[in-house]
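Please open the model in your viewer and keep the sequence beside it. The tour below moves from one selection to the next and says what is to be found at each stop.

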Amino acid sequence: QVQLVESGGGLVQPGGSLRLSCAASGSRFFSIYDMDWYRQAPGMQRELVAGISSDGSTNYAESVKGRFTISRDNAKRTVYLQMNSLKPDETAVYYCNIARTSTWGQGTQVTVSS
């Protein structure tokens, strides 16, 4: 059974940067998975932030284009989300997901505040 573990969240000032990581275990097939990052703010629905396919193509929510970068290291079975120029309204729990499956990590809290 595949498990996903996110890390890298924390408190950052507006305009700051964070790099999130999502490490997968329990599968030899990580390289063929399409992977997504989602976020969920308090009282809000979970929303797709960015995705990366098995061939490395990427897609982003309009609100994060030019500031966030998703990448993957198949040898490490890890997907990353580099977040720059963070805004207070991006405070949320960030989750990674194997695309179109019910496999989720436990989430990592990102708080953007001065």
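Throughout this tour, buried means under 20% relative accessible area, exposed means over 50%, and partly exposed covers what lies in between, with a 1.4 Å probe and protein chains only. This is a predicted model, in which local features need pLDDT of at least 70 and side-chain atom pairs count only at pLDDT 80 or more, while totals for chains, interfaces and linings use all residues. Residues are numbered from 1 along each chain as its sequence is written, and side-chain values use heavy atoms, with hydrogens and water left out.

**First stop: the disulfide**

Select cysteine 22 and cysteine 96, which form a disulfide with their sulfur atoms 1.9 Å apart; the term stands for a pair of cysteine sulfur atoms within 2.5 Å. The structure holds 1 disulfide. In general, such a link is a covalent bond between the sulfur atoms of two cysteines. Strands, like the helices, are DSSP runs numbered from the N terminus, a strand (E) having at least two residues and a helix (H or I) at least four. Cysteine 22 sits in strand S3 and cysteine 96 in strand S9, so the pair links distant parts of the chain, 74 residues apart. If you look along the S-S bond, the angle about it is 60°, and the link of cysteine 22 and cysteine 96 is right-handed. Are these two cysteines buried or exposed? Cysteine 22 counts as buried at 1% relative accessibility, and cysteine 96 is buried as well, with a relative accessible area of 0%.

**Second stop: a network of charged side chains**

Next, select Arg39, Glu47, Arg67 and Glu90, which are linked in a network of salt bridges, a salt bridge being a side-chain nitrogen of Lys or Arg within 4 Å of a carboxyl oxygen of Asp or Glu. By this rule the count for the structure comes to 5 salt bridges.

Begin with glutamate 90 and arginine 39, whose side chains meet at 3.3 Å, N to O. Because glutamate 90 lies in the loop between S8 and S9 and arginine 39 in strand S4, this pair ties together parts that are 51 residues apart in sequence. Both glutamate 90 and arginine 39 are buried.

Then turn to arginine 67, whose side chain meets that of glutamate 90 in a salt bridge of 2.5 Å, N to O. Arginine 67 is in the loop between strand S6 (58-60) and S7, and glutamate 90 in the loop between S8 and S9, 23 residues apart. Arginine 67 is buried at a relative accessible area of 13%, and glutamate 90 is buried at 3%.

Now select arginine 100 in the loop between strand S9 (92-98) and strand S10 (108-112). With 70% relative accessibility, arginine 100 counts as exposed. The side chains of arginine 100 and aspartate 34 meet in a salt bridge, 2.7 Å from N to O. Aspartate 34 lies in the loop between strand S3 (18-25) and strand S4 (35-40), so the pair ties together parts that are 66 residues apart in sequence.

Look at the backbone here too. Most residues other than glycine have a negative phi. Arginine 100, although not a glycine, has a positive phi of about 65°.

**Last stop: arginine 77**

Finally, select arginine 77, in the loop between strand S7 (68-73) and strand S8 (78-83). What is the phi of arginine 77? The phi of arginine 77 is positive, about 55°, although this residue is not a glycine. At 32% relative accessibility, arginine 77 counts as partly exposed.
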